[in-house]
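Work through the exercises below with the sequence and model at hand. Try each task before reading its solution.

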Amino acid sequence: MAEKIILKLGGSVITDKKGDCKVDKERIRALANEISQRTDVFPIIVHGAGSCGHPEARRHHLDKGLDQTNRAGIFVTHHAVGRLNDAVVNALRDSGVESVGIHPLDACTAKKGRLISFNCETVELLVKNGIVPVLHGDVVMDTEQGACIVSGDQIISYIAGKIKVDRIGLATDVDGVLKDGMVIPSINTESAGELDIKESSNTDVTGGMKGKISELLSLAESGIESSIFHVSRTGDFLDGRDHGGTIVTK
Ligand SMILES: Nc1ncnc2c1ncn2[C@@H]1O[C@H](COP(=O)(O)OP(=O)(O)OP(=O)(O)O)[C@@H](O)[C@H]1O
Ligand SMILES: C=C(C)CCOP(=O)(O)O
C-alpha cells in the first residue's frame with residue numbers, strides 16, 4: 001500500500017515573492033511532474049501563499065483581526081491564494097494526478113488565530129477515493145478577532161493530529177534550518193531555543209521560518225516528526241531518501 005504523506009509546498013517556492021501574486025507556473029509544473037511519477041506515496045498537499053496572499057493580508061492588516069475598515073481584505077486575500085491553489089490543482093491534474101482544492105475559509109474556524117474546527121473527514125474520504133486534497137494557508141473567520149491568517153504550517157499541524165500519515169515534508173527555498181550558513185540535521189524544542197531562527201526576508205504575516213518551526217515543534221512534542229528541505233530535494237523526500245535538510249523531532 002502507498003505511504004500516506006503530507007507535502008507542503010512553500011509559498012516562497014511556488015510564487016515569485018517579489019511580485020504581487022506572481023505564480024511560478026514552471027516550478028509548480030515541475031513539482032506536479034515529480035509527484036505524478038510516484039506510485040509508492042500518496043500525498044495530501046498543503047501550500048503556502050507567497051506573493052499570493054501575504055501582501056494582501058499585510059495591506060489589509062488581517063493578521064491583526066477584522067474591523068469596519070478591512071472587511072474587503074477577506075475577499076482580496078482569499079481570492080489571491082485561491083488563484084494559486086487553482087494553479088497547483090490544474091498542474092497536478094495536467095500531470096495525471098486527480099486532485100481538488102480544499103479552502104480553509106470554507107472548512108475551518110479559528111479562535112485568536114488558532115484553528116478550533118476543521119472537518120477532516122472530507123480530506124480522509126478524498127484520500128480513500130484516490131483524489132489528492134490540496135489545502136493552503138488562508139484567511140479564516142475567527143470567533144474572537146473576526147478573522148485571522150492561518151498558515152499552511154498550522155494546517156499541517158492540525159490535520160496531522162487528526163489523520164494518521166506516514167511522513168511529513170516541507171519543501172522550501174533554503175536547504176533546511178540553518179546556523180552560520182550550515183544545515184542543522186535535526187532540531188528539537190531544547191536545541192531550537194539556542195538557534196537564531198528569524199522570520200522571512202519577504203512579506204510574511206505568519207512568522208516565516210520562526211512560525212514554521214514553532215508549529216512543527218508542537219507537532220514533534222506529540223510524537224510526530226517532520227522534515228524541512230530545499231525544494232530541489234523534493235524527489236528525494238518523496239522516495240524516502242536522505243533530503244539533506246532538517247528533521248524536527250521530539
Ligand atoms: N535559521 C534559519 N534557517 C533557515 N531559514 C531561515 C532562518 N531564519 C530565517 N529564515 C528565513 O526563512 C525563510 C523560509 O521561511 P518562509 O516562511 O519564507 O518559507 P516558505 O517555504 O515560503 O513557507 P510559507 O509558505 O509558510 O511562506 C528563508 O528563506 C529564510 O529567509
Ligand atoms: C497569507 C495567507 C493567506 C496564508 C499564509 O500561509 P503561509 O504562506 O503558509 O504562511
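The exercises cover the sheet, a hairpin and the surroundings of a ligand.

This is a predicted model, where local features need pLDDT of at least 70, side-chain atom pairs count only at pLDDT 80 or more, and totals for chains, interfaces and linings use all residues. Residues are numbered from 1 along each chain as its sequence is written, and chains are lettered from A and ligands numbered from 1 in the order in which they are written.

**Exercise 1.** Find the order of the strands in the open sheet.

Solution. Strands (E, at least two residues) and helices (H or I, at least four) are DSSP runs, numbered from the N terminus. Two strands pair if DSSP finds at least two bridges between them. The order is E3-E6-E2-E1-E9-E13-E14-E12, 8 strands with mixed pairing. Strand E3 (99-101) and strand E12 (186-187) are the edges, each pairing on one side only. Next, take E2 (residues 41-47) and E6 (residues 132-136): they run parallel, joined by 3 bridges. Val-46 faces Leu-135 of E6.

**Exercise 2.** Describe the hairpin of E4 and E5.

Solution. E4 (residues 108-111) and E5 (residues 114-118) pair antiparallel over 4 bridges. Thr-109 has Ser-117 of E5 as its bridge partner. There are 2 residues between the strands, and Lys-112 takes a positive phi near 50°.

**Exercise 3.** Which residues are closest to ligand 2?

Solution. Count a residue as near if its C-beta atom, placed from the backbone, lies within 6 Å. 17 residues surround ligand 2, the closest being Gly-48, Gly-53, Gly-137, Ser-151 and Gly-152. Now locate the shell: H3 (54-59), H4 (72-94), E7 (138-142) and H7 (152-162) each supply at least two residues.
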